[in-house]
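Subject: Structure handover

Hello,

Here is the structure I said I would pass on. Please open it beside this message and find each residue as you read.

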Amino acid sequence: MVIGMLGFQTTVSRPVTLSGTGVHSGAEVTITFNPAEVDTGVVFHRMHEDGTVTELRAVSAQVGNTDLCTVLGFSSVHSVATIEHVMAALYALGLDNVVIEVHGAEMPIMDGSSAPFIEAIEQVGLVSLGIKRRYIRITKPVRIEHGGSWSEFRPYDGTRFEVEIDFECPLIGRQKWEGNLTAANFKSELSRARTFGFMRDVERLWASGHALGSSLENSVVISDDNTVINIEGLRYAKDEFVRHKALDAVGDLALAGAPFIGCYRSYRGGHKMNANALKALLSDTTAYEVVETSAARPRVTPRDFVAVNAPGFAPWSA
């Protein structure tokens, strides 16, 4: 199996800017993807009105609230929210190093999917930085459970996601998406899947200061009679719901700070389960090894990877 990512670190060829509305704040947000040096990783710069900047690295150790979205940072002033759709796009495209300048408190929701971010990045393209990328290879199973939900990592020769959801809503019910993650698969199978919610939850969310920017332009909304309100219906017949949950999982696991080689499985998971599973994996140094390609080539197979002695390589904790 070919690993669907380049064997070298990358960045964007030039800056690219997007603007939109924050799904929870309802405020206008502008973000710019800027080129970055080797080993920078993904870094968010929240730009404040007084000219100061809060820098947040997109890594597991910086994950704060995960109730309704994934937040980097631990205070409302020094944080960036709803990063999962952006992170999924970066991860799937194999974009390693980028500084994301953010004028606002969260990422713009755009159409509720990762597709607009994919399109923006592909508009400017990626450039190779000529240095080998390192990967996290899963070497033994790691599993967490909470109530009736569970998530686990397992060894696998590739990068694979198996995500299953189970809702009492008859429109959704029990759905599963599974597939190997490549840029092409992500773009065709997951990237256009939108966030979704229920009309019955709207007033509660508004009262708590959430979903103030949610609309039929950026969310699939399910009515009290279990039908889709959106005139255009679903983008993926019947199972756009689980595809979006898989998209979220890709974005949440991108916070490992390096691509992983293995299979991630979850049942009735979400942002919190994804974050806790990742922390469980990274806290067990016997469950993974850091590897890189043995030869300089643009596309690699599992046999091309070798373990490297990288005791200081722990981007997820920085």
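Predicted model: local features only at pLDDT ≥ 70, side-chain atom pairs only at ≥ 80, totals over all residues.

Annotated residues. The unreviewed UniProt entry gives the annotation "binding site" to H85, H244 and D248. These residues are spread over 164 residues of sequence, yet they cluster in space, with a largest C-alpha distance of 9.4 Å. H85, H244 and D248 are also part of the lining of the largest pocket.

H85 sits in helix 1, residues 84–93, and H244 in helix 5, residues 240–253. H85 has a relative accessible area of 5%, so it counts as buried, the cut-off being under 20%. H244 is buried too, at 2%. Leaving aside sequence neighbours within four places, the contacts of H85 include H244, D248 and T195. Counted in that way, H244 touches H85, G112, A193, R194 and T195. The H244 side chain also reaches the backbone oxygen of A193 at 2.8 Å.

A contact elsewhere. D166 belongs to strand 12, residues 159–166, and is partly exposed because its relative accessibility is 30%, which falls between the limits of 20% and 50%. Its side chain makes a polar contact of 2.8 Å with the side chain of Y267. D166 and R268 are 102 residues apart in sequence, but their C-alpha atoms are 6.0 Å apart in space.

Cysteines. How many disulfides does a search of the whole structure find? It finds zero. C69 is buried at 7% relative accessibility, and C169 is buried at 6%.

Regards

Technical notes:
Residues numbered from 1 in each chain as written. Heavy atoms only, no water. Disulfide = S-S within 2.5 Å. Buried < 20%, exposed > 50% of the residue type's maximum accessible area, 1.4 Å probe, protein only. Helix = DSSP H or I, 4+ residues; strand = E, 2+ residues; numbered from the N terminus. Polar contact = N/O pair within 3.5 Å; in protein donor to acceptor, adjacent residues only side chain to side chain. UniProt positions renumbered as here; feature names shortened; annotations may be inferred. 1 Å grid on protein atoms, 1.4 Å probe; cavity = no way out; pocket = protein on both sides within 12 Å on 5 of 7 lines; lining within 4 Å. Contact = heavy atoms within 4.5 Å.
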